Amino acid sequence: DAFFGSWSLQLVLGSILLSLVWPTFKYYAKMTAILFVSFMVLVIPIPLFLIKPRWPLNALISGIVACEFIRWLGVEYEIRGTENINVKNGGVVLLNHQSAIDIVLLSRLLRDFRNIVPVVKKELFYAFPFGIGSYLVGVVFIDRKNTASAKDVMNRESIAINRDNLKLAIFPEGTRHDKDTLLPFKKGSFHVAIDSQSIVQPVVVSKYRFIDHKRKRFGRGRVIVNILPEISMQGKTKEDLNALVEHCQSTMQAEFDALSAEVQQYCHL
């Protein structure tokens with residue numbers, strides 16, 4: 001009786017009942033839960049991160065926990081193309097950006113890439129203590145409102161690409177969205193790849209068909225991720241920039257269309 005009378009159990013049971021009869025509540029509950037867990041798995045281990053600060057693999061266990069949690073909520077990842085990963089190469093990894101829960105996907109990719117860190121807006125650093133935890137796992141923060149500052153940060157990271165075989169995970173669209181057509185790619189990530197004479201590696205994520213942000217629905221489904229072959233930047237110059245952007249945009253769009261069509265059968269709102 002004491003167990004069933006506890007506030008915590010009542011809260012859990014109440015949330016389950018509300019989720020069953022009110023889909024909008026389930027949407028907000030799932031989104032909040034995912035973001036909360038993503039926050040906590042980077043905050044609780046901060047003392048351990050201090051042993052080797054700025055090491056990407058600090059986030060490995062945190063990512064496993066976050067992925068298991070999102071799987072429990074009905075979302076699973078299928079990763080393809082891992083044979084295209086060369087952990088001995090640094091470079092730029094391009095991903096399409098759909099939702100705030102992409103943070104969980106990035107943590108999943110760490111298992112395969114090993115030395116990958118996301119580039120995010122500087123404002124997230126001030127989300128205390130989440131920003132501290134993110135910094136300690138190697139996340140790169142840039143001030144998108146200050147072009148000179150952003151270029152200075154990315155110039156430093158282009159050195160780390162070759163020195164540490166670091167891979168920078170960048171969302172070239174610049175902002176998240178749930179449209180069927182990828183937004184025009186910004187050129188900053190391509191400048192970094194050419195400056196470092198490293199590689200660009202497109203990674204395409206299928207549309208999150210289990211989420212409908214407009215209708216506030218969050219069901220169950222699968223995310224298919226395809227890691228495409230590296231594109232070498234050796235010998236490339238800024239004169240090749242526009243052609244490179246166009247090639248990556250069209251390649252990723254075609255793969256996004258194919259994966260999004262395939263994943264439809266596995267997703268339910």
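Helices (H or I, at least four residues) and strands (E, at least two) are DSSP runs, numbered from the N terminus. The exercises below concern a predicted model, in which local features need pLDDT of at least 70, side-chain atom pairs count only at pLDDT 80 or more, and totals for chains, interfaces and linings use all residues. Residues are numbered from 1 along each chain as its sequence is written, and side-chain values use heavy atoms, with hydrogens and water left out.

**Exercise 1. Positive phi values**

Task: State where Lys216 is placed.

Solution. Step 1: Lys216 lies in the loop that runs between β7 (211-212) and β8 (217-218). Step 2: Its phi is positive, about 60°, although Lys216 is not a glycine. Step 3: With a relative accessible area of 27%, Lys216 is partly exposed; buried means under 20% relative accessible area, exposed over 50%, and partly exposed in between (1.4 Å probe, protein chains only). Step 4: Arg54, in the loop between α3 (46-49) and α4, also has a positive phi, near 70°. Step 5: Arg54 counts as partly exposed, at 31% relative accessibility.

**Exercise 2. The pair α4 and α5**

Task: Determine how the axes of α4 and α5 cross, and which residues make the contact.

Solution. Step 1: The axes of α4 (residues 60-72) and α5 (residues 102-113) come within 8 Å and cross at roughly 125°. Axes are lines fitted to C-alpha atoms, for helices over the stretch in contact, and angles run from 0 to 180 degrees between N-to-C directions. Step 2: This angle makes α4 oblique to α5, because angles under 35 degrees count as roughly parallel, over 145 as roughly antiparallel, 65 to 115 as roughly perpendicular and the rest as oblique. Step 3: The crossing of α4 past α5 is left-handed; this term applies if the near helix is turned anticlockwise from the far one by less than a right angle, and right-handed applies if clockwise. Step 4: On α4 the contact (heavy atoms within 4.5 Å) is made by Leu60, Gly63, Ile64, Ala66, Cys67 and Ile70, and on α5 by Val104, Ser107, Arg108, Leu110 and Arg111. Step 5: Sorted by class, the contact of α4 with α5 has seven nonpolar, two polar and two charged residues. Here Ala, Val, Leu, Ile, Met, Phe, Trp, Tyr, Cys and Pro count as nonpolar, Asp, Glu, Lys and Arg as charged, and the others, Gly among them, as polar.

**Exercise 3. The cysteines**

Task: Find how many disulfides the structure holds.

Solution. Step 1: A disulfide is a covalent bond between the sulfur atoms of two cysteines. The criterion is a pair of cysteine sulfur atoms within 2.5 Å. Step 2: For Cys67, the closest cysteine sulfur is in Cys267, 16 Å away, which is too far for a bond. Step 3: The structure holds zero disulfides. Step 4: Cys67 is buried at 6% relative accessibility, and Cys248 is buried at 1%.

**Exercise 4. The surroundings of α8**

Task: Describe how α8 packs with α9, and what covers its buried residues.

Solution. Step 1: α8 (residues 188-196) and α9 (residues 241-263) pack at an angle of about 120°, with their axes 10 Å apart. Step 2: The two helices are therefore oblique to each other. Step 3: α8 passes α9 in a right-handed crossing. Step 4: Phe190, His191 and Ile194 of α8 meet Leu241, Leu244, Val245 and Cys248 of α9 in this contact. Step 5: The buried residues of α8 are Ser189, Phe190, Val192, Ala193, Ile194 and Ser196. Step 6: Their cover includes β2 (91-95), α7 (147-163), β5 (167-170), β6 (199-205) and α9.
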